[in-house]
Amino acid sequence: MSTKTKLELAIHVLRDLGVIDASESPDETNDDVAWVIDQYEDKFQELASPGLELTYWSRDTIPSAVFGILVDLISNDVAATFGQPQSIPDKMQTEEIILTKLRRHVALPSSGLPVSADYF
């Protein structure tokens, strides 16, 4: 399984929001990149918290399977910072749609085996 880094995530988020061009490749010392990485770290902690537990990867290596979902999620979070504000209900609705994709990805599939019921 291939993985991506936090820097790659930040660059994709900034490209998604139109902050940088496709040909630009800033490093971690760039203020915008550092801001996006900080927001990712906060969101990772939120997603890993008890009750949600939607992470199975380490903070520094992001699986390619969830990379696009995280780009969308972090883009939604930081869009207002980069001049693309949304109303709070719109932001929450978009986040819920994105989190549905993440929940679907991390959900355990059904085994398909029959379950016996105990009646008391």
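**Close-up views of a predicted model**

By the rule used here, the count comes to seven salt bridges, a salt bridge being a side-chain nitrogen of Lys or Arg within 4 Å of a carboxyl oxygen of Asp or Glu. This is a predicted model, in which local features need pLDDT of at least 70 and side-chain atom pairs count only at pLDDT 80 or more, while totals for chains, interfaces and linings use all residues. Residues are numbered from 1 along each chain as its sequence is written, and side-chain values use heavy atoms, with hydrogens and water left out.

**View 1. The largest nonpolar core has 29 residues.** A nonpolar core is a set of buried Ala, Val, Leu, Ile, Met, Phe, Trp, Tyr and Cys residues joined through side-chain atoms within 4.5 Å. Buried means under 20% relative accessible area, exposed means over 50%, and partly exposed lies in between (1.4 Å probe, protein chains only). The residues with the most contacts inside this core are Leu9, Val13, Tyr40, Trp57, Ile62, Leu70 and Leu102. Helices α1 (6-16), α2 (31-48), α3 (64-78) and α4 (88-106) each supply at least two of its residues, and α3 gives the most, with eight. Helices (H or I, at least four residues) and strands (E, at least two) are DSSP runs, numbered from the N terminus. In soluble globular proteins, nonpolar side chains tend to be buried together.

**View 2. Ile62 and the residues around it.** Contact means heavy atoms within 4.5 Å. With neighbours within four places in sequence left aside, Ile62 is in contact with Ser2, Thr3, Lys4, Thr5, Lys6, Leu9, Tyr40, Trp57, Phe67 and Leu70. Two of these residues, Lys4 and Phe67, also meet in another way: Lys4 lies over the face of Phe67, at 5.4 Å from the ring centre. A charge sits over a ring if NZ of Lys or CZ of Arg is within 6 Å of the ring centre and within 35 degrees of the ring normal.

**View 3. Lys43 forms salt bridges with Glu46 and Glu95.** Side chains of opposite charge can pair when their charged atoms come close. The N to O distance between Lys43 and Glu46 is 3.5 Å. Both residues lie in helix α2, three residues apart, about one turn of the helix. For Lys43 and Glu95, the closest N and O atoms are 3.2 Å apart. This pair links distant parts of the chain, with Glu95 in helix α4 and Lys43 in helix α2, 52 residues apart. Lys43 is buried at 6% relative accessibility, and Glu95 is buried at 16%, whereas Glu46 is partly exposed at 37%.

**View 4. Glu96 and Arg103 meet in a salt bridge.** The N to O distance is 2.9 Å. Glu96 is partly exposed at 40% relative accessibility, and Arg103 is partly exposed at 30%. Elsewhere, salt bridges that share partners join Lys6, Glu41, Arg59 and Asp60 into one network.

**View 5. Tyr40, Phe44, Tyr56 and Trp57 form one aromatic cluster.** The structure holds three aromatic pairs. Rings of Phe, Tyr and Trp (its six-membered ring) pair if their centres lie within 6.5 Å; planes under 30 degrees apart count as stacked, over 60 as edge-to-face and the rest as tilted. The ring centres of Phe44 and Trp57 are 6.1 Å apart and their planes are at 65°, so this pair is edge-to-face. Phe44 lies in helix α2 and Trp57 in the loop between α2 and β2 (62-63), so the pair ties together parts that are 13 residues apart in sequence. The ring centres of Tyr56 and Trp57 are 5.2 Å apart, with planes at 90°, so this pair is edge-to-face. Phe44 is buried at 8% relative accessible area, and Trp57 is buried at 8%, whereas Tyr56 is partly exposed at 44%.
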